[in-house]
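I opened a new notebook page for this protein. My plan was to look up a few residues and write down what surrounds each one.

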Amino acid sequence: MLYTSSKRRYRKETGMASWISKKARLAIYKRDACTCIYCEKQCVVGDTKNEEIQKGDLATLDHIVSQKELAELASDDKDFSAKRRNPKNLVVSCMSCNSKKQARSLYAFCGQQGIDYAAILREIGRRIALPV
């Protein structure tokens with residue numbers, strides 16, 4: 001595995017993860033209508049420090065192919081970084097679902113949560129076909 005850092009970096013001013021630009025993140029939120037891929041909840045874009053927002057409702061980006069799997073497939077750190085930021089591997093997920101999925105495969109997560117895997121694949125296909 002080439003990518004070894006497990007630390008998450010956040011922008012101090014927004015509380016958002018810094019591994020992807022704000023512009024790219026917001027474009028994916030827009031593409032996916034800020035709706036969780038797994039539970040279809042309308043997500044909220046906001047600061048993780050805002051106490052008025054329920055953290056489980058916050059919009060996050062989920063990697064369809066987990067970062068762990070991407071790291072194993074990447075030829076080097078630059079390749080991993082590109083794969084990690086690819087909008088075709090990212091979908092909106094509420095923080096609750098993303099926290100439950102963690103690094104599990106999509107298939108394993110759907111089976112564990114009783115989610116229709118085929119329906120999720122169709123919805124992912126629909127979303128990633130849209131322009132970002």
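**Entry 1: Aspartate 62**

I began with aspartate 62, which counts as buried at 4% relative accessibility. I was working from a predicted model. Aspartate 62 is part of strand 1. I then looked for a partner and found that its side chain makes a polar contact of 2.4 Å with the side chain of tyrosine 38. Setting aside residues up to four places away in sequence, I listed what aspartate 62 touches: Tyr38, Asn89, Leu90, Val91, Ser93, Asn98 and Lys101.

**Entry 2: The whole chain**

I stepped back to the overall layout. I noted six helices and two strands, in the order α-β-α-α-β-α-α-α from the N terminus. The protein has 132 residues, and 36% of them are buried. For contacts between residues at least 6 apart in sequence, I wrote down that 64% join residues at least 24 apart. The accessible surface is about 8000 Å², and carbon and sulfur atoms account for 52% of that.

**Entry 3: Helix 1**

Which residues of helix 1 are buried? I found Arg25, Ile28, Tyr29 and Arg31 in the stretch 22-31. These residues sit on the same side of helix 1, because they cover an arc of only 165 degrees around the axis. Lys23 and Lys30 are exposed on the other side. I checked what the buried residues of helix 1 pack against and recorded strand 1 (59-63), strand 2 (90-94) and helix 6 (117-129). After helix 1 comes alanine 33, which has a positive phi, near 55 degrees.

**Entry 4: The nonpolar core**

I looked up the largest nonpolar core, which has 23 residues. Those with the most contacts inside it are Tyr38, Cys43, Leu61, Val92, Leu106, Ile120 and Ile124. Two or more residues each come from helix 1, strand 1, strand 2, helix 5 (106-113) and helix 6. Strand 2 gives the largest share, four residues. Not counting residues up to four places away in sequence, valine 92 touches residues including Ile28, Tyr29, Cys43, Leu61 and Arg127.

**Entry 5: Salt bridges**

How many salt bridges does the structure hold? I noted seven. One of them joins the side chains of arginine 31 and aspartate 32, at 2.7 Å from N to O. Arginine 31 and aspartate 32 are both buried.

Another links aspartate 57 and lysine 41, whose closest N and O atoms are 3.1 Å apart. Both residues lie in the loop between helix 1 and strand 1, so the pair ties together parts that are 16 residues apart in sequence. Aspartate 57 is partly exposed at 24% relative accessible area, and lysine 41 is partly exposed at 25%.

I also recorded the bridge between glutamate 123 and arginine 127, at 2.9 Å from N to O. The two lie four residues apart in helix 6, about one turn of the helix. Glutamate 123 is partly exposed at 22%, whereas arginine 127 is buried at 3%. A network of salt bridges links Arg31, Asp32, Glu123, Arg126 and Arg127.

**Entry 6: Valine 132**

Last, I looked at valine 132, in the segment after helix 6. Is valine 132 buried or exposed? With a relative accessible area of 54%, valine 132 is exposed. Leaving aside neighbours within four places in sequence, I found valine 132 in contact with Ala27, Ile28, Arg31 and Pro87.

Technical notes
Residues are numbered from 1 along each chain as its sequence is written. This is a predicted model: local features need pLDDT of at least 70, side-chain atom pairs count only at pLDDT 80 or more; totals for chains, interfaces and linings use all residues. Side-chain values use heavy atoms; hydrogens and water are left out. Buried means under 20% relative accessible area, exposed over 50%, partly exposed in between (1.4 Å probe, protein chains only). Contact means heavy atoms within 4.5 Å. Accessible areas come from the Shrake-Rupley method with a 1.4 Å probe; for residues, only the protein chains shown count as cover. The arc is that of the directions from the helix axis to the C-beta atoms. A polar contact is a pair of N or O atoms within 3.5 Å; within protein, one must be able to donate a hydrogen and the other to accept it, and residues adjacent in sequence count only if both atoms are side-chain atoms. A nonpolar core is a set of buried Ala, Val, Leu, Ile, Met, Phe, Trp, Tyr and Cys residues joined through side-chain atoms within 4.5 Å. A salt bridge is a side-chain nitrogen of Lys or Arg within 4 Å of a carboxyl oxygen of Asp or Glu.
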